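Here's a quick briefing to read with the model open beside you.

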Amino acid sequence: MVAPSLVADLVGVAVFAASGASAAIAKRLDIFGVIFVGVVAALGGGIVRDLLIGAIPPFAFTHWIYIAVPIAASAILFYFHPQFGRLRRTVLVLDAAGLGLFTATGALSARAAGVPAVGAAIIGMITGIGGGLGRDLLTGEIPYVLRREIYAVASLFGAVLVLFLAWIGAPRPINVAVTAASVFLIRVVAMSRHWEAPTPPGLS
Amino acid sequence: MVAPSLVADLVGVAVFAASGASAAIAKRLDIFGVIFVGVVAALGGGIVRDLLIGAIPPFAFTHWIYIAVPIAASAILFYFHPQFGRLRRTVLVLDAAGLGLFTATGALSARAAGVPAVGAAIIGMITGIGGGLGRDLLTGEIPYVLRREIYAVASLFGAVLVLFLAWIGAPRPINVAVTAASVFLIRVVAMSRHWEAPTPPGLS
Amino acid sequence: MVAPSLVADLVGVAVFAASGASAAIAKRLDIFGVIFVGVVAALGGGIVRDLLIGAIPPFAFTHWIYIAVPIAASAILFYFHPQFGRLRRTVLVLDAAGLGLFTATGALSARAAGVPAVGAAIIGMITGIGGGLGRDLLTGEIPYVLRREIYAVASLFGAVLVLFLAWIGAPRPINVAVTAASVFLIRVVAMSRHWEAPTPPGLS
């Protein structure tokens with residue numbers, strides 16, 4: 001497996017944990033439920049990616065810092081959420097950053113493990129959206145990825161971009177940064193302008 | 001892994017994609033949500049099968065046609081569903097064909113990977129029903145496999161049948177065809193005659 | 001993989017199957033749905049554990065008795081549940097025993113497969129709670145593990161305990177028995193005294 005850029009990766013983990021913890025707090029779960037959903041949101045995408053590319057045991061289980069960070073982030077959000085309440089928009093924005101980052105590293109990891117480009121792009125998307133999907137299934141929401149906003153498709157665009165840039169020889173750190181920034185921008189603009197994809201024609 | 005009969009396999013993929021896309025359209029998801037659910041329904045069972053038998057990365061990620069077909073099928077259904085509306089029964093019927101086909105190839109793949117017969121039968125059933133289960137969990141429905149119709153048990157019957165026929169030496173193409181046809185018939189008859197399995201005694 | 005203590009392990013399988021079958025009966029599912037949910041509840045945690053530690057194909061698929069026992073247990077519960085109705089408390093109590101047992105063997109299996117201690121503890125917890133999580137997702141309930149009772153954290157405590165006892169050299173059978181008993185006691189006391197973990201501060 002490609003060694004991830006640790007700090008950036010852990011920022012993504014913490015941000016996704018915060019998104020999961022926020023959803024669990026909104027459901028009035030207790031401290032353990034909040035941490036549980038936070039950890040699933042933070043690590044779910046990466047664990048599924050590792051299962052798909054045969055990186056066994058998954059990275060998160062062999063590096064304790066990947067478990068400690070989302071536990072700490074979820075616990076902090078649990079106790080300080082009133083102060084964080086106004087920061088809801090911030091969490092959405094950070095989630096967009098995490099989505100881009102995880103998509104980029106997930107697609108590159110899959111490619112490095114020998115998965116062909118189309119499959120690697122899909123695995124990149126799964127890495128990016130997997131944790132949020134787990135969070136939504138656990139809390140009984142229709143998954144965010146299915147709601148009327150540009151989400152999965154922003155991730156898929158990022159996965160294609162990062163593989164293209166790698167193919168033309170872009171250095172990894174620059175490639176990941178450019179890709180994460182692109183996904184981030186698409187998400188933020190889509191949210192602020194309420195971009196919506198077409199819905200089924202002919203339904204009243 | 002056993003090389004699947006490509007055309008038949010892709011028909012199954014397209015049919016399951018159509019079932020997923022139909023469910024997503026009924027939930028008023030947008031074009032990307034419809035494609036997402038369609039792809040999960042088409043590929044979910046096979047991906048879980050490959051994880052269980054150690055075929056890593058899963059077949060769907062190394063053969064782009066397996067991703068292109070459900071995307072195309074879901075997009076076509078999205079734009080033309082009014083015309084397909086009357087074909088709902090047809091989709092159900094095709095779903096029955098896909099169920100039989102995926103069950104048969106899934107059980108044979110597991111057996112070829114060295115899984116004992118009982119386990120291979122269960123893996124065949126998981127291959128057959130897995131995509132529909134993912135579709136139902138994503139769209140917030142009580143899974144089809146749990147509703148009062150002969151579904152999982154038709155698949156399990158097919159898995160046992162295909163392994164038995166393989167054991168007595170039936171050639172693979174004939175075996176898969178006979179098994180898929182048997183599961184198909186059971187499903188179609190169960191639906192048309194509203195066969196129901198017993199429900200718990202003593203509940204008012 | 002560590003050879004599990006067969007009888008104890010099958011008791012855990014049967015007990016979890018009973019918990020899944022009970023949930024399915026309460027949802028008025030038919031006989032096949034009841035068996036399906038029972039088998040998922042019984043085997044789900046162990047299958048995910050085996051995927052995570054690379055024990056492919058998972059143990060349950062290579063030992064038919066692991067499939068036969070939950071089918072039989074679910075079918076018995078289906079037909080005799082009125083008599084078992086008063087035993088609901090008993091099922092909860094047995095579920096606590098299964099939770100402790102699966103947590104202990106899951107954590108030891110992960111450690112034996114070379115997973116570091118923190119990851120092995122998490123895998124132990126996943127083994128213990130995984131089946132119940134699948135059961136709750138299938139039947140459309142907010143997962144038990146997220147409700148306001150000491151559940152996942154009792155499992156996590158057990159996982160840490162069993163790894164600590166193994167580290168200081170405790171013989172495996174004694175270690176598993178002590179750990180399972182500890183988790184069991186925590187769960188039973190938490191249920192009888194309605195222990196609850198803190199809920200988010202500041203929410204009216």
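Predicted model: local features only at pLDDT ≥ 70, side-chain atom pairs only at ≥ 80, totals over all residues.

For comparing copies, superposition is by least squares on the C-alpha atoms of residues with pLDDT of at least 70 in both.

Residues are numbered from 1 along each chain as its sequence is written, and chains are lettered from A and ligands numbered from 1 in the order in which they are written.

- Two copies of a chain are related by a rotation about an axis and a shift along it.
- Chain A goes onto chain C in the like manner: a turn of 120 degrees, a shift of 0.0 Å along the axis and an RMSD of 0.0 Å. The copies use different surfaces, with 9% of the contact residues of chain A recurring in chain C.
- For chains B and A, only 9% of the interface residues of chain B are also interface residues in chain A, so these copies meet through different surfaces too.

**The interfaces**

- Contact here means that two residues have their C-beta atoms, placed from the backbone, within 7 Å.
- Where chain A meets chain C, 23 residues of chain A are in contact with 26 residues of chain C. On the chain A side, the elements giving two or more residues are α2 (31-53), α3 (59-62), α4 (65-85) and α6 (117-138).
- That side of chain A has 17 nonpolar, four polar and two charged residues. In this count Ala, Val, Leu, Ile, Met, Phe, Trp, Tyr, Cys and Pro are nonpolar, Asp, Glu, Lys and Arg are charged, and the others, Gly among them, are polar.
- Where chain B meets chain A, 23 residues come from chain B and 26 residues from chain A. Chain B brings two or more residues from each of α2, α3 (59-62), α4 (65-85) and α6 (117-138).

**Chain A as a whole**

- Chain A has eight helices and zero strands; helices (H or I, at least four residues) and strands (E, at least two) are DSSP runs, numbered from the N terminus.
- The radius of gyration of chain A is 16 Å, close to the 17 Å that the globule rule gives for 204 residues, so chain A is as compact as a globular protein of that length. The radius is taken over C-alpha atoms, and the rule is 2.2 Å times the number of residues to the power 0.38.
- Its C-alpha trace spans about 50 × 45 × 25 Å along the principal axes.
- Of the 204 residues in chain A, 58% are buried. Buried means 20 or more other C-beta atoms within 10 Å of a residue's own, exposed means 12 or fewer, and partly exposed is in between, with C-beta atoms placed from the backbone.
- Among contacts in chain A with a separation of 6 or more, 73% are between residues 24 or more positions apart.

- Helix α2 (residues 31-53) of chain B has 23 residues and reaches 33 Å from its first C-alpha to its last, close to the 33 Å expected. The expected span is 1.5 Å times one less than the number of residues.
- α2(B) has a kink of about 45 degrees centred on Leu43(B), where the bend is the angle between axes fitted to the seven residues ending there and the seven starting there.
- 23 of the 23 residues of α2(B) are buried, so this helix is largely enclosed by the rest of the structure.
- In α7(C), twelve of the 16 residues are buried, including Leu156(C), Leu161(C) and Leu165(C). Just after α7(C), Gly169(C) has a positive phi of about 95 degrees.

- Ile56(B) and Pro57(B) are joined by a cis peptide bond, with omega about -10 degrees. Pro57(B) sits in the loop between α2 and α3 of chain B.
- Arg28(A) is not a glycine, yet has a positive phi of about 60 degrees. Arg28(A) lies in the loop between α1 (6-26) and α2 of chain A and is exposed, with 12 other C-beta atoms within 10 Å.
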